[in-house]
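Morning, everyone. Please have a look at the slide, and I will talk you through it.

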Amino acid sequence: MPEKPSKLMPALYGGIIIGIISGVPFLSLINCLCCAGVIFGGVMAVFFYKKDLTPEMPPLTNNDALVLGALAGLFGALFGNILAAIFIFTIGNVAGEATYKILMDMYDSMGILDQMPPDALEQMEQGIMEGELSPVSIVTSFVINPLFGLIGGLIGYAMFKPKAAATPPATPPAQV
Amino acid sequence: MNRSVAAYLVILAGAFLWCALIVAVPFLAHAGGGASFWADVLREPFHRVCHQLDGRSLHLWGEPIAVCSRCSAIYFAFLAGTLLYPLFRDVRRPHAPSRALLILALMPMLLDVALGLVGIAEVTTSSRLVTGALFGLLIPFVVLPVALGAVSERHAQPTILLHQPKGSVDA
């Protein structure tokens, strides 16, 4: 029976998807729904791996999905931080500026902007403008992304699991 | 202890810790002084998984909790679903996860988001809580069997039956 293909490339593809979703301004808002972009990358890593499997190879297992999801999350954290850095150093923190403006407009329309303490506003602005590249954020991305990527891998297995193997016919008792 | 049971307990402890941290943030912020520094430190990792908009978050002790209302519903319902899991499924014998359950878990939340985006229905805190909780409650029944299956698969030893003729001596 031929061996299973390497998990590295499918995990890398999943990681690139996670990196693009996490690193590109505005697209990264997808991750605001419980890291949906990272979960999607984990699912896609399982999908790419399943595509590489031929009928002669052993089927996709729970373990494969677990490893693929976690690896995709790890690669995703790496690509996401690199992409975010490239965008911030070239075009600036456009997403942060837009988010801050939307928030201020929202508070203004609710009539609570004037009541907010200046310290809180300053802290909020600083937090948003620091963007994705604060040291804490970079470190946590290497913990959070593999965790949510792993959940994506598990969901991916549920979606792309191999069809249940046919029950083998009952064998007659061995003659002694 | 069976490895699947141990893995289940680890996942349950992880879910409990995650939810405890979500609640710890407003508690520490409310305490003030040095504790609010730790509230800020704890709030930062959750910023990666949630927008943390004050207007869309539940409040405890007058402070917003670490994630928005929809995310809170998902995480706390996930903890509840994980707790309830052994009542419906055997932890020691992981079963195949159901695709239908995954769709059932996802659809209400996706519909809520989509209808809100196109302006057909208003997305309220209640709709966020209900659809998020439904997703969080059902998703352990999809991911836990795969995770527990992976653990038992990893540690399963192939059974090799060696037939040795009577009287043979090991080398």
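I will cover confidence, then the interface, then a few side-chain pairs.

First, the ground rules. This is a predicted model, where local features need pLDDT of at least 70, side-chain atom pairs count only at pLDDT 80 or more, and totals for chains, interfaces and linings use all residues. Residues are numbered from 1 along each chain as its sequence is written, chains are lettered from A and ligands numbered from 1 in the order written, and side-chain values use heavy atoms, leaving out hydrogens and water.

Now confidence. pLDDT is the predictor's confidence in each residue, from 0 to 100. Chain A averages 81, and 89% of its residues score at least 70. Residues 165-176 of chain A fall below 50, and beyond near neighbours in sequence that stretch has zero contacts in the model. A contact means heavy atoms within 4.5 Å.

Chain B has a mean pLDDT of 83, with 89% of its residues at 70 or more. Helices here are DSSP runs (H or I, at least four residues), numbered from the N terminus. In chain B, confidence is lowest in helix 2, residues 34-47, at a mean of 82. It is highest in helix 3, residues 69-88, at 93. Residues 159-171 of chain B stay under 50, with one contact beyond four places in sequence. Where pLDDT is low, the predicted coordinates should not be read in detail.

For the complex, the predictor gives an ipTM of 0.73 and a pTM of 0.77.

On to the interface. How many residues of chain A are in contact with chain B? The count is 32 residues of chain A, against 30 residues of chain B. Together the chains bury about 2,600 Å², 66% of it on carbon and sulfur atoms. Buried area is the accessible area (1.4 Å probe) that two parts lose on being put together, summed over both.

Which element gives the largest share of chain A's side? Helix 6 of chain A does, with 15 residues.

What about salt bridges across this interface? The rule finds zero. A salt bridge is a side-chain nitrogen of Lys or Arg within 4 Å of a carboxyl oxygen of Asp or Glu.

Over all chains, though, the count is five salt bridges. One joins Asp64(A) and Lys7(A), with the closest N and O atoms 3.3 Å apart. Asp64(A) sits in helix 3 of chain A, and Lys7(A) in the segment before helix 1, 57 residues apart.

Last, aromatic pairs. Rings of Phe, Tyr and Trp (its six-membered ring) pair if their centres lie within 6.5 Å; planes under 30 degrees apart count as stacked, over 60 as edge-to-face and the rest as tilted. Tyr13(A) and Phe48(A) are edge-to-face, 5.6 Å centre to centre.

Terms used
Helix = DSSP H or I, 4+ residues; strand = E, 2+ residues; numbered from the N terminus.
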